[in-house]
Amino acid sequence: MTRPLSAKAISLTGCTLTPGLIDAHSHLLLHPYNEATWDDQVSREPLGERISRATVHARLNLFSGFTTMRDLGTEGADLADLGIQSAIEKGVIPGPRLLVTTRAIVATGSYAPRSFAPEWRIPQGADEADGEKLRQVVRKQIRAGANWIKVYADTPHGQGPGAKPAFTLEELKLVVATAADAGVLVSAHAQSQEGMRRAALAGVASIEHGDAGDIEVFRLMVEKKVWYCPTLATGEAYARYGGWKKGTPPTPALVSKKQSFQAALDSGVNIANGSDIGVFPHGQGWQELEMLVKYGMTPLQAMQAATQSAARMLRLDKEIGQVKAGWTADLAAFEGNPTQDISAVRKVRLVIKAGEIVKGP
Ligand SMILES: [Zn+2]
């Protein structure tokens with residue numbers, strides 16, 4: 001093969017070249033909850049601080065090999081993701097190619113911050129809407145620039161522990177149909193079986209978390225062609241913040257998450273790498289890939305979930321997700337071979353985004 005005279009040769013002995021990695025569930029505007037609780041970040045950190053932090057997070061993620069991220073909600077930071085996205089696109093700050101959702105949509109009374117005096121009207125971490133008003137909220141978010149719509153199909157509201165459905169099936173269908181008219185896909189947060197079931201029946205494109213998912217609901221997702229983002233590393237982070245230590249017996253929540261992920265694998269549901277990064281440190285997206293392998297994927301499957309598969313889910317598979325002539329040159333190189341030993345993704349030696357070297361040997 002001949003190489004143009006102007007081309008630069010980079011020697012990467014002992015490294016493996018891969019497509020740039022994709023994390024399809026991030027929160028650039030959040031930082032780990034052991035540094036500050038979600039409530040404190042949303043209600044006590046000034047917007048300027050949150051955006052400043054997000055610019056640092058964007059750089060950390062890009063430099064760790066993640067060239068594309070789908071950011072699933074600003075969590076109280078209004079439309080700040082749109083500004084971060086444009087700052088990256090204009091080359092003002094380094095960061096991954098971003099797909100953004102703006103504020104995300106929740107049912108009235110189902111989200112947070114909560115626990116204030118009932119007379120207090122506390123601003124919520126997402127856009128509250130119900131029934132017919134959902135149409136307007138979806139349209140406003142799309143008009144603002146949302147690339148995807150994020151909806152919370154269930155949350156831990158009402159009486160008793162655990163996530164419960166937040167929207168009716170009809171409401172979720174209205175969200176999906178309104179977004180579809182504008183060519184926009186919907187991602188649903190759903191942890192309970194009923195939340196997942198309604199989201200799948202409503203026609204969302206991806207379901208996030210799916211913690212209580214069983215074989216039946218994952219099969220429904222297969223039938224309805226719904227993608228799954230498991231967010232495994234976040235489950236482990238929550239356990240750590242609750243006092244659990246690595247190397248000790250898993251908590252009941254970790255045991256059930258592992259069983260649920262096994263059911264997802266058994267069902268054959270399409271899995272895209274999505275970690276919920278922000279709950280755990282930015283720049284450590286490798287945590288999710290290691291967890292995918294720890295919970296049953298082969299290293300090759302985990303790498304595919306973070307490249308080709310995630311690109312398919314994002315409908316960007318004709319542009320990114322493969323090392324291929326004609327595709328956008330989003331590339332990463334890791335010391336060792338992550339398709340054989342996934343821990344190699346910790347050792348990034350080269351990152352190229354859209355043909356530009358952002359981190360080199
Ligand atoms: Zn999330």
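Predicted model: local features only at pLDDT ≥ 70, side-chain atom pairs only at ≥ 80, totals over all residues.
**Entry 1: L12.** L12 sits in the segment before β1 (15-19), where strands are DSSP runs of E with at least two residues, helices are runs of H or I with at least four, and both are numbered from the N terminus. I noted 14 C-beta neighbours inside 10 Å, so L12 counts as partly exposed. On this scale a residue is buried if 20 or more other C-beta atoms lie within 10 Å of its own, exposed if 12 or fewer, and partly exposed in between, with C-beta atoms placed from the backbone. I also read the separation of the C-alpha atoms of L12 and L174, which is 51 Å for 162 residues along the chain.

**Entry 2: conventions.** I count residues from 1 along each chain as its sequence is written. For local features I rely on pLDDT of at least 70, and for side-chain atom pairs on pLDDT 80 or more, while totals for chains, interfaces and linings use all residues.

**Entry 3: the core.** I looked up the largest nonpolar core and found 94 residues in it; such a core is a set of buried Ala, Val, Leu, Ile, Met, Phe, Trp, Tyr and Cys residues joined through C-beta atoms within 7 Å. I105, V175, A199 and I207 have the most contacts inside this core. Apart from neighbours within four places in sequence, V175 contacts I105, L134, V138, I149, V151 and V186.

**Entry 4: helix α10.** In α10 (residues 286-294) I recorded W286, E288, L289, M291 and L292 as buried. Among the elements that cover these buried residues are α8 (232-241) and α11 (299-305). After α10 comes G296, with a positive phi near 130 degrees.

**Entry 5: backbone exceptions.** Most residues other than glycine have a negative phi, and most peptide bonds are trans. I found a positive phi near 50 degrees at E75, in the loop between β3 (66-71) and α3 (80-89). E75 counts as buried because 22 C-beta neighbours lie inside 10 Å. R315 has a positive phi near 60 degrees and lies in the loop between α12 (308-313) and β13 (331-335). R315 has 12 C-beta neighbours inside 10 Å and therefore counts as exposed. Finally, I noted a cis peptide bond between A112 and P113, with omega about 0 degrees. P113 belongs to the loop between β5 (105-106) and β6 (127-128).

Methods:
Contact = placed C-beta atoms within 7 Å.
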